[in-house]
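This briefing sets out how the parts of one protein model are packed together. Please look over the sequence and the structure before reading on.

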Amino acid sequence: MTTPKRHASALRPLEGRCIGISIAESEDLAIYGFTPNAVNELTVDLARRLIALGATVALGHNWRSGGVMEAIARFALAFKDQSASPDQPLILNYLAYPDRPSLSDSDFRELKPIIAFDTPTDPDGVRWERHADDIGAVLRDQASVRGASGIPGAASLLLKESPHRPGDRAPGFDLAAMRFVLAQRCDVRLVFGGRLKHYQGFAPGIIEEAWWSCCLKKRVVVCTAIGGAAMAIGDASST
């Protein structure tokens, strides 16, 4: 008896979907029995599973030798002939100015078919205005609904900042732009952990990424298993 062939859509049910992964260490990892290395392993394993199911995974992680992005990319190479294309890469990697992926020329050429890199490098402030109109429209919409307070109020200050010198990161806007663009491009955002103290930007990164996703009416799935900012989101959504 022959085994019926399964349709490709059954094998890769997430084909065409872009799923953002917001994950970072939290201050209370030890309380939940996790280590920083376990968080990295969770990130890699989750991304691998989503790629195997056909999804594009979107991450704002930087690159380093032997790091999370390298591990995910090496796994994704096995799928490049099945689904990777310029319109539907297996990995979307957006970094905040002035970060750049630390890849050799040969690694960049090898990974280019499966990864869409978006790394603003505008040296004269053009990067500053690149997303200002879109971000401003969302902030004005939020302010009209909720009033200019909390995250919307803090974020609105970003639009009044002046561009910094070439090579410098604008403290709030460059991180906000990265998180906003990732929210634009994702269909769903998965949220884990994250610090509530000593964060960069105008709000904890995990909370900011979830907030932009909600503003853009994207689905957000929150996992509170490792505490942190995700736990705060979960507590707020239940009240």
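Leaving aside its neighbours within four places in sequence, with which residues is arginine 179 in contact? Taking contact to mean heavy atoms within 4.5 Å, arginine 179 is in contact with Gln200, Gly201, Ala203, Gly205, Glu208, Glu209 and Trp212.

The model is a predicted one, in which local features need pLDDT of at least 70 and side-chain atom pairs count only at pLDDT 80 or more, while totals for chains, interfaces and linings use all residues. Residues are numbered from 1 along each chain as its sequence is written, and side-chain values use heavy atoms, with hydrogens and water left out.

**Overall make-up**

- The secondary structure of the protein comes to 10 helices and six strands, where helices (H or I, at least four residues) and strands (E, at least two) are DSSP runs numbered from the N terminus.
- Of the 239 residues of the protein, 42% count as buried; buried means under 20% relative accessible area, exposed means over 50%, and partly exposed lies in between, with a 1.4 Å probe and protein chains only.
- Among contacts between residues at least 6 apart in sequence, 75% join residues at least 24 apart.

**Nonpolar cores**

- A nonpolar core is a set of buried Ala, Val, Leu, Ile, Met, Phe, Trp, Tyr and Cys residues joined through side-chain atoms within 4.5 Å, and in the largest one, which has 29 residues, Ile21, Leu50, Ile51, Val57, Ile72 and Ile91 touch the most other members.
- Two or more residues of this core come from each of strand S1 (18-24), helix H2 (36-52), strand S2 (56-59), helix H3 (68-76) and strand S5 (188-193), and H2 gives the most, with six residues.
- Not counting residues up to four places away in sequence, isoleucine 21 touches Leu46, Ala47, Leu50, Val57, Ala58, Leu59, Arg189 and Leu190.
- A second, separate core of 13 residues includes Ala176, Ala177, Ala183 and Trp211.

**Helices H2 and H3**

- Two packed helices are described by the angle between their axes and the distance between the axes.
- The axes of H2 and H3 come within 9 Å and cross at roughly 25°, where axes are lines fitted to C-alpha atoms, for helices over the stretch in contact, and angles run from 0 to 180 degrees between N-to-C directions.
- H2 and H3 are therefore roughly parallel to each other, given that angles under 35 degrees count as roughly parallel, over 145 as roughly antiparallel, 65 to 115 as roughly perpendicular and the rest as oblique.
- H2 passes H3 in a right-handed crossing; a crossing is right-handed if the near helix is turned clockwise from the far one by less than a right angle, and left-handed if anticlockwise.
- On the H2 side, Asn40, Thr43, Val44, Ala47, Arg48, Ile51 and Ala52 meet Val68, Ala71, Ile72, Phe75 and Ala76 of H3.
- By class, this contact has nine nonpolar, two polar and one charged residues, with Ala, Val, Leu, Ile, Met, Phe, Trp, Tyr, Cys and Pro counted as nonpolar, Asp, Glu, Lys and Arg as charged, and the others, Gly among them, as polar.

**Helices H8 and H9**

- The axes of helix H8 (residues 173-185) and H9 come within 8 Å and cross at roughly 45°, and H8 and H9 are therefore oblique to each other.
- H8 passes H9 in a right-handed crossing, with Leu175, Ala176, Met178, Arg179, Phe180 and Ala183 in H8 meeting Gly205, Glu208, Glu209, Trp212 and Ser213 in H9.
- By class, the contact of H8 with H9 has six nonpolar, two polar and three charged residues.
- Arginine 179, found in H8, is buried, with a relative accessible area of 7%.
- Helix H9 (residues 205-215) is mostly covered, since 10 of its 11 residues are buried, among them Glu208, Glu209, Trp211 and Trp212.

- Lysine 217, in the loop between H9 and strand S6 (219-223), has a phi near 60°, a positive value in a residue other than glycine, and is exposed, with a relative accessible area of 70%.
- Histidine 198, in the loop between S5 and H9, has a positive phi of about 55° although it is not a glycine, and counts as exposed at 80% relative accessibility.
- Methionine 231, in helix H10 (residues 228-237), counts as partly exposed at 23% relative accessibility.
- Methionine 231 and glycine 193 are 38 residues apart in sequence and 7.3 Å apart in space, C-alpha to C-alpha.
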